[in-house]
Protein chains: 2
Amino acid sequence: MQKASNGPRAGSRSDDQTGDRRGGRTVNRQVLADHVYEELLASLMDGRLEPGAAVSIDGTARELDVSPTPVREALARLEHTGMVRRVALKGYRVAPVFTREDFAELMEARLAIEPVNARLACSRLTPERLAELEEAVADLKSAPRGPSFADYKDYLEADERFHQLIAKQTGNQFMVAAYAALGGQVQRFRLFGGVGITDAENAIAEHQSVLDALSTGDPEKAEAAMADHVQKVRARAIADAPAD
Amino acid sequence: MQKASNGPRAGSRSDDQTGDRRGGRTVNRQVLADHVYEELLASLMDGRLEPGAAVSIDGTARELDVSPTPVREALARLEHTGMVRRVALKGYRVAPVFTREDFAELMEARLAIEPVNARLACSRLTPERLAELEEAVADLKSAPRGPSFADYKDYLEADERFHQLIAKQTGNQFMVAAYAALGGQVQRFRLFGGVGITDAENAIAEHQSVLDALSTGDPEKAEAAMADHVQKVRARAIADAPAD
DNA sequence: CATGCTCAAATCCTATAGGGATGCATCTGC
DNA sequence: GCAGATGCATCCCTATAGGATTTGAGCATG
């Protein structure tokens, strides 16, 4: 909306993050489509884009002041994550809200994958990664948990980060990919699943339990702690869920 | 290569599969990017595109006689499957061959996911799906298994179909997504993992065992049979693997 | 011979143009 | 007043143009 069509700036992209230099050599070249992808992902992950909302290609392009081409590319990647759906010739839409059944399926899948991740992560845990996990739990404890949306965004972000770190700690690229296929949905559920932040105290305790189990180095314990956590999340969500 | 640049046909796409009509109303509208995606996926799945090969955007566009735009979109989707990798400003490349470690990780992930799929599928098995599974196993048995590449393509296709059907039979969209995150890699490993078709007899017997276990309706048996199958595949592959 | 430079072709990346379809507001006829 | 037709705006989709970057060959130099 700001600076809408202020003039053609074709090809003059040497001042944004493209040619980012650090220490004298280019480190992480990035193209516009990557930027758009991250922007859209952030909007989806923190709830700015609500389920069911249309994501217009041209509209997004105008908003970000780019051409539709990189937006198409970014959305094509996002489609494969399940966070947006596409209908040919009709465009993209944020995936609809979770039904009760969707939620049950998601929890079933988490229960199949996340305890295994905890077990594998435990047997390969490095001190550095353990520190990162401790930091995530600390952030979880210290994050504000007010009633408004923005108030517990940090809490949700720390929650997602904790689980994602465990997936990465497995050192298994395919388990990371499998969790990633769920991760976005998990986060979306946290935002729009109906269950609020009321279970924070319990959830924090369970995360601490998982972390403790990982610290002991006993893979079986870690697996059990994670399974326990996921099951309790499911139980609380069912209890809190609205009538429909 | 054939019919290279025979002339501009801009906007005349009312004769290909776009406006496909059946019974009077349009049923499944398809855009060019979908066609390109399927074309590339087929090339990857049956080995026409070998690991490490460059996949040029412009080149593919010329070959399929379309513009680069839909090719970009198709490749963006494929990137998220892990079958092609992208480097900014350098283009796409078919994912490299499996190392021993990659193979171990893939089998670890399959062992975490596929037995669960078998268990879930078993408890929700419908006669129609069971028939499809039986057909896949029958195709597995009847498929030619010659020494040349094209000779056992059908065999590999039936193998992939069997596992994918079980994933779908879970009725859990997230388990399907998780398997899909692996599925492409599994197929690629079958093609280029070094292990040939020597284990066909054993593998067929194991697939039959999985099918039998599913037929009994005992989820525990199905899970065990699938775990046994994956573990034996791993064992055979390790035994057959070349020195490096 | 090995190494560095120059240049040209190929390729990637983004913007723009325009065809076709859809949706919505407006208008007309009953 | 209301149903259907019409026009306009919006959007998706593909092609094309052109700038920016990479790459590899050819050539010069130590």
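**The surface around DNA strand D**

Reply: Happy to. DNA strand D has 21 residues around it, and those that come nearest are Arg29(A), Leu89(A), Leu32(B), Ser67(B) and Lys90(B). Please keep in mind that this is a predicted model.

Let us begin with the make-up of this surface. Sorted by class, the residues near DNA strand D are ten nonpolar, five polar and six charged. Three helices each supply at least two residues of this surface: α2 (57-64) of chain A, and α1 (32-45) and α3 (68-79) of chain B.

Which part of the DNA strand faces the protein? Of the atoms of DNA strand D within 4 Å of the protein, 80% belong to sugar or phosphate, and the rest to bases. Some contacts with phosphate oxygens can be picked out one by one. In chain A, Arg72(A) has a polar side-chain atom 3.0 Å from a phosphate oxygen of DNA strand D. From chain B, Lys90(B) places a polar side-chain atom 2.7 Å from a phosphate oxygen of DNA strand D.

Now pick out α2(A), one of the helices that supply this surface. Near its start, a side-chain oxygen of Ser56(A) reaches to within 3.4 Å of the backbone nitrogen of Asp58(A). Within the helix, Ile57(A), Gly59(A), Thr60(A) and Ala61(A) are buried. Their cover includes α1 (32-45), β3 (54-55), α3 (68-79) and β5 (91-94) of chain A. After the helix comes Asp65(A), whose phi is positive, near 60°.

Three strands of chain B form an open sheet in the order β3-β5-β4, with antiparallel pairing. β3 (54-55) and β4 (84-87) stand at the edges with a single partner strand each, so one side of each has no neighbour in the sheet. Between β4(B) and β5 (residues 91-94) of chain B there are four bridges, and the two strands run antiparallel. As one example, Val87(B) has Gly91(B) in β5(B) as its bridge partner.

How are the two chains related?

To finish, here is one residue you can follow in both chains. Glu206(A) sits in helix α8 (residues 200-216) of chain A and is buried, with a relative accessible area of 8%. Leaving out residues up to four places away in sequence, Glu206(A) touches His229(A), Lys232(A), Val233(A) and Arg236(A). With His229(A) there is a polar contact of 2.6 Å between the side chains. Lys232(A) is 26 residues from Glu206(A) along the chain, and their C-alpha atoms are separated by 8.8 Å. In chain B, Glu206(B) belongs to helix α8 (residues 200-216) and is buried, with a relative accessible area of 8%. Again leaving out residues up to four places away in sequence, Glu206(B) touches His229(B), Lys232(B), Val233(B) and Arg236(B).

How values were computed. Residues are numbered from 1 along each chain as its sequence is written. Chains are lettered from A and ligands numbered from 1 in the order in which they are written. This is a predicted model: local features need pLDDT of at least 70, side-chain atom pairs count only at pLDDT 80 or more; totals for chains, interfaces and linings use all residues. Side-chain values use heavy atoms; hydrogens and water are left out. Two strands pair if DSSP finds at least two bridges between them. Buried means under 20% relative accessible area, exposed over 50%, partly exposed in between (1.4 Å probe, protein chains only). Contact means heavy atoms within 4.5 Å. A polar contact is a pair of N or O atoms within 3.5 Å; within protein, one must be able to donate a hydrogen and the other to accept it, and residues adjacent in sequence count only if both atoms are side-chain atoms. A residue is near a molecule or strand if one of its heavy atoms lies within 4 Å of it. Ala, Val, Leu, Ile, Met, Phe, Trp, Tyr, Cys and Pro count as nonpolar, Asp, Glu, Lys and Arg as charged, and the others, Gly among them, as polar.
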